[in-house]
Amino acid sequence: MSNWDNNEEIQILRKYLRIPSVHPNINYEPCVDFLKEQALNLGLPISVVYPVNDKNPVVIITWIGSQPSLPSIMLNSHMDVVPVFEEFWTHPPFSANIDESGRIYARGAQDMKSIGTQYLAAIRALKRDGIEQLKRTIHVIFVPDEEINGTYGMEGFVTSKEFTDLNVAFSLDEGDPSPTNELILYHGERSSCAVEFTCYGQSGHGSLFLKNTPGKKVQFLINKFMELRDVEEGKLDSNKNLSIGDVTTINLSMMSGGVQNNVVPGEFTIVFDIRLAVDVDHDEFYRMIERWCDEAGGNIKINYQSKDPKSPVTATDETNPFWIAFKRATDELNLKINKQICSGGTDSRFLRLKNVPALGFSPIWNTPVRLHDHDEFVYAATYLEGIKIYKKIIAELANV
């Protein structure tokens, strides 16, 4: 443990992890102060902008390139972390304690404060090697609000003049840890849809066979969605080359209604969490939902609690010079890369919708996946290896 206590990069990470930027009601100012200190240490300019409101800052640390007129590289991370249930943690979740095996325990150790400080550490390593500039300008971005859909973070930022002025050509963002020695790379992600159905119909006494009841409509919709769910699950089970991000997932997540056990109510409400695969035609899917509601008997209110637009997939072939640079770097490092479509949602979707190609990548391998879980941790040795990986990748990307 004493060896880690003397490592500058480990101590920088631990300092960041100790800032409790946890939902809800986050005060981001301690994060901003920490990042200002890091920028000063690196000798890099920093700007703090508030594209949506004065509670949600976006921090931009910039390393000017030798050809600043070229479109820039963005290295994105988010400052916020999800809530904790401290009683289930082996170590306090904002202590950044290190155990005898070199595990650094903290909320954000995997998702994704460690990635943000690795970007800065890689730049520090490049500068220590005597590299004063790469070809393209690099912007290291720290955004708020990613864990609650990005409305006050990246979604608002990409519509701002400050983002336009960055002239971004390509972005790196978060991926997922890997429990094996194969690193995961996300080049696209599914579209999230949360849809609420309020089914209206005949109410009356519970002893009768009433027609057109809300319960029958709910049953019809549940059957239709579960049949489609079975089809999609069957695709995944029958093809070992597919991952969860390659299929559409459907889950019944909420049900409500009724007043007492002998009264058939006049309405029931159900909610489905749906993640649409990248090959799904959104318009056709939503027309299918409307058709099912008609077939169920009509008089059903559809409310989309969320409805992400279809996000482009980043090309991973010779048409994308940044992919070529990324692959060259990882090949030279002999890294095993598993390309996937992200099953959840990250800030990359907002960038891709602005036609900025983005890859999701976290150099955390041979590590149990603890995103949003108790005892989230990263190995100190793995963290330091990740800095070397980013050093190579960043140099290749910025010299495209």
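**Exercise 1. Determine which residues glycine 153 contacts, leaving aside its neighbours within four places in sequence.**

Solution. Contact requires heavy atoms within 4.5 Å. With neighbours within four places in sequence left aside, glycine 153 touches Pro144 and Asp145. The model is predicted, so local features need pLDDT of at least 70 and side-chain atom pairs count only at pLDDT 80 or more, while totals for chains, interfaces and linings use all residues. Residues are numbered from 1 along each chain as its sequence is written, and side-chain values use heavy atoms, with hydrogens and water left out.

Next, locate the residue: glycine 153 belongs to the loop between β6 (138–143) and α5 (154–157). Helices (H or I, at least four residues) and strands (E, at least two) are DSSP runs, numbered from the N terminus.

**Exercise 2. Decide whether glycine 153 is buried or exposed.**

Solution. Buried means under 20% relative accessible area, exposed over 50%, and partly exposed in between (1.4 Å probe, protein chains only). The relative accessible area of glycine 153 is 0%, so the residue is buried.

**Exercise 3. Classify the packing of α2 and α3.**

Solution. Axes are lines fitted to C-alpha atoms, for helices over the stretch in contact, and angles run from 0 to 180 degrees between N-to-C directions. The axes of α2 and α3 are 10 Å apart, at an angle of about 160°. Angles under 35 degrees count as roughly parallel, over 145 as roughly antiparallel, 65 to 115 as roughly perpendicular and the rest as oblique. The two helices are therefore roughly antiparallel.

On the α2 side the contact is formed by Glu8, Ile12, Lys15 and Tyr16, and on the α3 side by Cys31, Phe34, Glu37, Gln38 and Asn41. By class, this gives four nonpolar, two polar and three charged residues; Ala, Val, Leu, Ile, Met, Phe, Trp, Tyr, Cys and Pro count as nonpolar, Asp, Glu, Lys and Arg as charged, and the others, Gly among them, as polar.

**Exercise 4. Characterise two of the aromatic pairs.**

Solution. Rings of Phe, Tyr and Trp (its six-membered ring) pair if their centres lie within 6.5 Å; planes under 30 degrees apart count as stacked, over 60 as edge-to-face and the rest as tilted. The structure holds 16 such pairs. In one of them, tyrosine 16 and phenylalanine 34 are stacked, at 4.8 Å centre to centre with 5° between the planes. This pair joins helix α2 (residues 8–17) to helix α3 (residues 29–42), its members being 18 residues apart. Tyrosine 16 is buried at 0% relative accessibility, and phenylalanine 34 is buried at 3%.

The ring centres of phenylalanine 326 and phenylalanine 361 lie 5.2 Å apart with planes at 85°, so this pair is edge-to-face. Phenylalanine 326 is in helix α9 (residues 321–332) and phenylalanine 361 in strand β16 (residues 358–361), 35 residues apart. Ring pairs also connect Tyr119, Trp323, Phe326, Phe361 and Tyr390 into a cluster.
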